[in-house]
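Open the model in your viewer and keep the selection tool ready. Each stop below says what to select and what is there.

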Amino acid sequence: MAKATAAAGIGADFGLPAAGEELKKLSTAELGTAIGGTSLRRCQLEWLQFQYAMSMFDRLLAQSPNPVATQHSLLDLEVQTALELQLSMRTTNYAAHRLLSDALCARDRLPKVYDTMRSGLIDHDRFHKIAMATALVFDEKIIAEIDRLLAIEIRGAGGGLTSLSLTKTTALARRYVAVHDPDAERREREGAKSGRSASMSTLEAGMAQLSVTATAEDVRLVWQMLDAVIAGRCDDDPRTKAQARSDAAIALLQRKPFTCLCESDGCTAQIAEPQLDARAARIVVHVLCDAATLAGGDECGYLDGYGPISGDHVRQIAERDNAVIHEHRLDDLLEPDPAAAQIGDDLDEAAVHRKGPRPDSPDECRADDAHPHSENRENGTAASESEPGSALKPRFLIARTALPSDPYRPNLLVDLLARFLWGTCSIPGCERAAFACDLDHVAEFDNICPDRGGPTCICNLLPKCRFHHLMKTNLEGFVDELWIDADGRYHSAVTTPGGQTVEALAPNQWLMPRLAQLRCRHQLAEGSAIGTTTGSVADDSVQRAGGLTRTEAKHARRRAERNANRDRRLAEEAKLTKKQVDAREAGRAAMRLVLDPESEPPF
């Protein structure tokens with residue numbers, strides 16, 4: 001065992017604490033690092049488990065006197081191997097067959113994806129989801145291409161696919177199948193539609209469960225209808241949302257009125273038929289796609305609350321009687337850059353959103369104020385800090401981002417882009433649909449002087465579910481960040497009060513590949529890494545310490561932490577060897593090809 005794990009690059013102690021080490025002495029961040037290390041080793045051990053399963057199958061195959069005849073018998077080699085695995089792992093027959101099937105798929109169909117398991121970027125569960133999503137792709141060249149592209153994306157994702165949920169992993173594989181083998185996707189979808197059903201199962205304590213299978217868009221509509229019904233409850237209704245949805249579904253199916261259970265004479269519930277109709281009229285299921293998809297192309301679209309859907313599926317939704325199609329163009333956000341030349345020391349202050357002390361009134365907000373120190377800026381990079389060769393500004397900038405009447409509110413196109421770019425709540429692991437989330441200014445908006453606060457722009461907006469939004473607002477030490485790298489890819493990061501930092505790439509930038517080529521007016525130079533961050537927000541009480549309000553003091557601490565995180569990233573890049581830099585650039589070129597298939601291949 002020790003020899004096998006050493007061959008796999010796994011330490012013999014598997015990262016166990018040293019003898020006599022007391023775990024209670026470790027900090028929260030150190031414990032988090034240790035837990036992350038166990039996840040990495042688990043991926044590597046599962047990679048090794050695949051190796052053992054493949055070797056066992058090959059051993060039985062070599063020992064079989066007539067392999068062809070054996071494979072056509074009831075007790076074929078897979079059944080025999082699964083029996084050996086079942087007994088050796090002390091597990092079920094299903095789990096043994098699942099391991100063997102995935103191991104053979106790893107060797108014969110998805111070797112590049114399988115290799116990422118050895119790197120600790122993907123575990124067995126996520127590999128299984130990918131294997132199932134690609135099972136109906138029969139063409140060897142197509143499955144090889146899907147395998148290659150998936151491996152590139154896994155290695156390019158911050159933290160690997162283990163930073164994505166199983167649902168998002170499935171969606172990633174399903175997207176590549178829909179683009180590269182539309183026939184396989186169509187076969188799978190038609191087979192799934194033919195299997196739609198309604199079923200009932202009995203539970204304990206006199207309860208039962210009703211399950212309905214339908215198309216993703218219909219289920220999204222029904223789910224939102226249930227939310228519209230229960231939204232009319234008064235504040236004194238004792239039910240949770242889940243309980244209220246259950247009661248609403250039964251009431252709708254039985255054609256009975258949904259009632260509030262507050263038992264109060266002064267009930268303020270708004271659940272009368274006209275009120276329900278008014279809320280139901282506002283229900284929208286959002287789908288984003290390229291115009292070429294509607295014209296018959298194979299590029300995927302994205303269904304909010306579900307994930308990528310094929311071009312054929314997009315067109316079926318567009319043909320529904322209740323479908324409304326709006327055309328949006330990224331050009332509507334752009335303005336010509338008046339400078340479009342060398343960046344000098346006379347940069348417009350509002351354009352770069354440098355930060356100074358918050359004024360006490362709008363009258364104190366002036367664009368010609370003295371330039372604050374670089375450490376006070378909220379987002380952007382000083383001209384002197386830009387990388388060599390990045391001094392030329394782009395010809396067009398993303399500038400029309402907020403409503404003219406209310407600079408706090410994004411316009412419709414920016415709202416759509418920010419939500420579709422991330423797809424769900426931006427906190428890793430949260431599956432709340434983006435259109436059910438709040439759009440949060442990462443660097444807080446300044447209502448007194450908007451030019452000094454965080455901008456209302458795609459470079460400073462992240463969707464957050466109400467729970468995580470409240471956590472950011474009220475939890476001391478919770479810090480999130482948003483920045484754009486030299487290739488135009490959008491990154492986010494979350495730092496917990498315990499000191500753990502998790503980074504992630506925007507999962508849906510493939511929906512809008514042109515976005516990577518555009519720069520917003522809050523970025524100083526094309527190719528520089530821009531960071532906008534924020535943390536928890538305290539109350540606006542005017543208790544001052546050293547001349548600062550409590551909010552200003554918190555903002556200063558957040559700026560310090562943001563700058564420290566940025567310096568950490570720069571220091572890590574400075575430590576890279578030439579070989580590592582070349583590998584990273586090759587990876588970036590491969591990711592650019594994934595985002596824009598018409599670009600030049602990196603190799």
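Select Lys 472 and Asp 440. Both are buried, where buried means under 20% relative accessible area, exposed over 50% and partly exposed in between (1.4 Å probe, protein chains only). Lys 472 forms a salt bridge with Asp 440, and their closest N and O atoms are 2.3 Å apart. A salt bridge here is a side-chain nitrogen of Lys or Arg within 4 Å of a carboxyl oxygen of Asp or Glu. Lys 472 belongs to helix H18 (residues 466-474) and Asp 440 to strand S10 (residues 438-441), so the pair ties together parts that are 32 residues apart in sequence. Helices (H or I, at least four residues) and strands (E, at least two) are DSSP runs, numbered from the N terminus.

A word on the source. This is a predicted model: local features need pLDDT of at least 70, side-chain atom pairs count only at pLDDT 80 or more, and totals for chains, interfaces and linings use all residues. Residues are numbered from 1 along each chain as its sequence is written, and side-chain values use heavy atoms, with hydrogens and water left out.

Zoom out to the whole chain. It has 20 helices and 16 strands. Of its 603 residues, 43% count as buried. The structure holds 30 salt bridges.

Go to two more of these pairs. Select Asp 247 and Arg 239: they form a salt bridge with the closest N and O atoms 2.9 Å apart. Asp 247 is partly exposed, at 31% relative accessible area. Arg 239 is buried, at 11%. Now take Arg 329 and Asp 331, a salt bridge with the closest N and O atoms 3.2 Å apart. Arg 329 is partly exposed at 45% relative accessibility, and Asp 331 is partly exposed at 30%.

Next, select Asp 183, Glu 185, Arg 186, Arg 189 and Asp 312. Salt bridges link them in a network.

The buried ones are Gly 311, Asp 312, His 313, Val 314, Arg 315 and Ile 317. Show their surroundings: they pack against helices H10 (182-194), H11 (216-230) and H14 (291-294), and against strands S3 (287-288), S4 (301-303) and S5 (307-309).

Finish on H6 and H8. Their axes, lines fitted to C-alpha atoms over the stretch in contact, come within 7 Å and cross at roughly 25°. H6 and H8 are therefore roughly parallel, a label for angles under 35 degrees between N-to-C directions. Select Pro 111, Lys 112, Val 113, Asp 115 and Thr 116 in H6: they meet Asp 147, Arg 148, Leu 150, Ala 151, Ile 154 and Arg 155 in H8, with contact meaning heavy atoms within 4.5 Å.

Conventions
Axes are lines fitted to C-alpha atoms, for helices over the stretch in contact, and angles run from 0 to 180 degrees between N-to-C directions. Angles under 35 degrees count as roughly parallel, over 145 as roughly antiparallel, 65 to 115 as roughly perpendicular and the rest as oblique.
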